[in-house]
Amino acid sequence: MDREEFDRIFDEELGGMSAQIAQDPIELCRVVGRLNTLRPVRTLEIGINLGGTTRFWQLLTSELVVAVDMDTSKITVDFSGHAPPLLIQGDSTAHATVAKVREHAPYDFLWIDGGHTYEIAKSDWDNYAPMVRPGGVVGLHDVKAEAEGPYKLLKELQLKGFFHEAFIGHKGTALISIPF
Ligand SMILES: C[S@@+](CC[C@H](N)C(=O)[O-])C[C@H]1O[C@@H](n2cnc3c(N)ncnc32)[C@H](O)[C@@H]1O
């Protein structure tokens, strides 16, 4: 996906930041650049909201996007034109949800943007990062705000030796590499 296509989807199709997508476009553009190289076959998203990021993963993933939210009735994005994402409604921390997601593993790319307490973000990492293949990537969103869970989780992962790239604009996005 080139920059022109990114802008068309972000601004025209999704209505721009804070419309159908809760992302800083500069940060998301960097993620898209990484996915252009990674070329995910299967992607997992935790935290859909209206579906803006799910639409990007759908367009960048060749086989299947699995996306989880506790309330999928909020989705307003039109997913037509490509293989539809598999939407799973449920609490990401619940055993039943984890079991449903595991049925479609392994994943090449995981995007964690669900509950933003430390407990939920940590649970999402513990449950779903092991479903990402070696050499895959985990995106952790909202790592900028020091008071929020993703910030603390990222600091812990750094101490454990995980390599990551961080794009710190309005929100803060980290891409964590899963070692081979
Ligand atoms: C920040 S929004 C996701 C934004 C979306 N990725 C985007 O960029 O447009 C967070 C979403 O996570 C969902 N969520 C929060 N806690 C959750 C949980 N424990 N399990 C599943 N979904 C959860 C909320 O319902 C909300 O839709």
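## A tour of the predicted model

Show the whole chain. With 180 residues, a compact globule would have a radius of gyration near 16 Å, and this protein's 15 Å agrees with that. Keep in mind that the model is predicted. The C-alpha trace spans about 40 × 35 × 30 Å along its principal axes.

**Stop 1: the elements.** Color by secondary structure. Starting at the N terminus, their order is α-α-β-α-β-β-α-β-α-β-α-β-β. Now think about contacts between residues with a separation of 6 or more. Of these, 62% join residues 24 or more positions apart. Buried residues account for 41% of the 180.

**Stop 2: helix H2.** Select residues 25-38. This is helix H2, with 14 residues. At 1.5 Å a residue, H2 should span 20 Å; its end C-alpha atoms lie 19 Å apart, so the two values agree.

Which residues of H2 are buried? Show Glu-27, Leu-28, Val-31, Val-32 and Leu-35: these are buried. They cover an arc of only 140 degrees around the axis, so they sit on the same side of H2. Next, show Asn-36 and Thr-37. Both are exposed, on the other side of H2.

What do the buried residues of H2 pack against? Their partners include two helices, H1 (3-13) and H3. Strands E4 (107-112), E5 (132-141), E6 (164-167) and E7 (173-177) are also partners. Arg-39 takes a positive phi of about 50 degrees.

**Stop 3: the ligand.** Select the ligand and the residues around it. There are 20 of them, and the closest are Gly-47, Asn-49, Ser-92, Gly-114 and Gly-115. Helix H3 (52-60) and strand E2 (64-69) are the elements that give two or more residues to this shell. How many residues of the shell are nonpolar, polar and charged? The shell divides into 7 nonpolar, 9 polar and 4 charged residues.

**Stop 4: Val-77.** Select Val-77, in the loop between E2 and strand E3 (86-89). Is Val-77 buried or exposed? Val-77 has 21 other C-beta atoms within 10 Å. A residue counts as buried at 20 or more, so Val-77 is buried.

Now show the contacts of Val-77, leaving aside neighbours within four places in sequence. Among them are Leu-14, Gln-20, Leu-50 and Gly-51. Finally, draw a line from Val-77 to Leu-64, C-alpha to C-alpha. The two are 13 residues apart in sequence and 17 Å apart in space.

Definitions and conventions. Residues numbered from 1 in each chain as written. Predicted model: local features only at pLDDT ≥ 70, side-chain atom pairs only at ≥ 80, totals over all residues. Helix = DSSP H or I, 4+ residues; strand = E, 2+ residues; numbered from the N terminus. Rg over C-alpha atoms; globule rule 2.2 N^0.38 Å. Buried ≥ 20, exposed ≤ 12 C-beta atoms within 10 Å, placed from the backbone. Contact = placed C-beta atoms within 7 Å. Near = placed C-beta within 6 Å. Nonpolar A, V, L, I, M, F, W, Y, C, P; charged D, E, K, R; others polar. Expected span 1.5 Å × (residues − 1). Arc of directions from axis to C-beta.
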